[in-house]
Amino acid sequence: MIKGKDIYEVLAAVVPLYVAMILAYGSVRWWKIFTPDQCSGINRFVSMFAIPFLSFHFISANNPYAMNMKFIAADSLQKVVILGALFLWNTFTTKYGSLDWTITFFSLSTLPNTLIMGVPLLSAMYGDFTSTLMIQIVVLQSVIWYTLLLFLYEYRGAKHLISEKFHENAGSITSLRVDSDVGSLSTREPLQADSEIGEDGKFHVVVRRSASSSFDKSLNGVDTYSVQSYREPTQRTSSFNQTGLYTKYASPASYVNLRHAGNSEAVDVPNETAASKGVHELIDTSSGPEASGKRELEIEEGINYCPLGGCRKEVNIEEEDANKKQQMPPASVMTRLILVMVWRKLIRNPNTYASLLGLAWSLISFGWNIKMPSIINGCISIMSNAGLGMAMFSLGLFMALQPKIIACGKALAAISLAIRFLVGPAVVAATSTAIGIRGVLLQVTIIQAALPQAIVSFVFAKEYNLHADILGTAVIFGMMAALPVTILYFVLLGL
């Protein structure tokens, strides 16, 4: 039976973390102590030093030979079940299912903040033995699940890059090479893809950084997006006096004539323009000088338009493009590309080295009963002790720098929190029960799945420009709701 003393111990362990977060938030929003540039430096220190040392400290102190296999199996099975359900949803639901939402929902439902929140919170609830369990989850997340998430993000980036650059002939690509200075296929890094026919007569592609980070081209006042690099488009200012048109500028000097229904003014735009909804191609089947030269595009607002003086056939460009099946390079080429990019991301991440070195040392230490020299242990301890407080402080800075607390809207925020605090715990409760976990261990398994959103998932979402507003909102509100939600689970499961 849960007692008031138990609740106090939980509060005593977690409230100091929230104090660090609130102080950071106030130092930016209320007291103006730190500028955004200074906040960036603090966050850099946390990600490059504090968290890696904290991870190494916990992982190296954990006995890998005494891991709770049932606990690990239940957590791993939860992630496999959710990922499998999302892929089925993606496969059979064409209207709502997509790889983008598969990645986001997987992050929301399976990746809790185990290291920063889980260790102190569950230790206060159930005792020190839970620290070992949480570290086991940290190891699996760092080595397996974050790597899988990176794989999905890089696969998405590769698909988008190929769709942008090689929509028609992607299936004939026999090799994809990426320059060494390209760190990822994320949309934050402007990329260009150059194709060439090798001596063997095969189609080869080289991906490199774009020569320029931006490409502005004025096109008679029409809104333009650059496709010189693969990244999310930035809307330009429009002087078009009717309906805004979003087009992609292409280098070939082949143009079509574009005009708005009811507007006599016309502008020339590139032939490869992908017009927005409502743009139709009018193929003139009549003869005469007007039938030659430029093709004509017209923007319509729900009205089929047929100009006087000729019989014309209307074809919807969007429907034509949608009916064309997107080709992809062979699976071996795509797999090699993605593995190379994931490897580059991992070897440039200090947390990868911290996790692997911590695991290696724990295997040596507990296998041969070797203790770490005190001088080295002291160096690690002084950095890791700052890790937990600085991580919470960094999270407070992140919250303070957001222009909106609910960046994704109330509906999506409610859905993300429901997935975080309800769906994840419900699935892990089912998988734990299925493999025979009972008692306190079952309670620990459920509560760890109800911890707030992992910050790493937001970092990935921000870098790859995929629903970062949703993950950011989940992190912020997850931290706010974590204490009452976990205490509620603690009380209900203890009844």
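**Exercise 1. What volume does the largest pocket have?**

Solution. The model is predicted, so local features need pLDDT of at least 70 and side-chain atom pairs count only at pLDDT 80 or more, whereas totals for chains, interfaces and linings use all residues. Residues are numbered from 1 along each chain as its sequence is written, and side-chain values use heavy atoms, with hydrogens and water left out.

Step 1. A pocket is an open set of points on a 1 Å grid over the protein atoms alone, with protein on both sides within 12 Å along at least five of seven lines; a cavity is a set of points where a 1.4 Å probe fits but cannot get out; lining residues have an atom within 4 Å of a point. Grid points are joined across faces, edges and corners, and a volume is the space filled by probe spheres set on the points.

Step 2. The volume of the largest pocket is about 1,700 Å³. Its lining has 48 residues, of which S47, N351, I455, V456 and V459 are the closest to the centre.

Step 3. Helices are DSSP runs (H or I, at least four residues), numbered from the N terminus. Among the elements that give two or more residues to this lining are helix 2 (36-60), helix 9 (350-368) and helix 13 (455-463). Helix 2 gives the most, with eight residues.

Step 4. Sorted by class, the lining has 21 nonpolar, 17 polar and 10 charged residues. Here Ala, Val, Leu, Ile, Met, Phe, Trp, Tyr, Cys and Pro count as nonpolar, Asp, Glu, Lys and Arg as charged, and the others, Gly among them, as polar.

**Exercise 2. At what angle do helix 4 and helix 14 pack?**

Solution. Step 1. Axes are lines fitted to C-alpha atoms, for helices over the stretch in contact, and angles run from 0 to 180 degrees between N-to-C directions. Helix 4 (residues 99-110) and helix 14 (residues 468-494) pack at about 10°, with axes 11 Å apart.

Step 1. Angles under 35 degrees count as roughly parallel, over 145 as roughly antiparallel, 65 to 115 as roughly perpendicular and the rest as oblique. Helix 4 and helix 14 are therefore roughly parallel.

Step 2. Contact means heavy atoms within 4.5 Å. W101, T104, S107 and L108 of helix 4 meet I470, L471 and A474 of helix 14; five of the contact residues are nonpolar, two are polar and none is charged.
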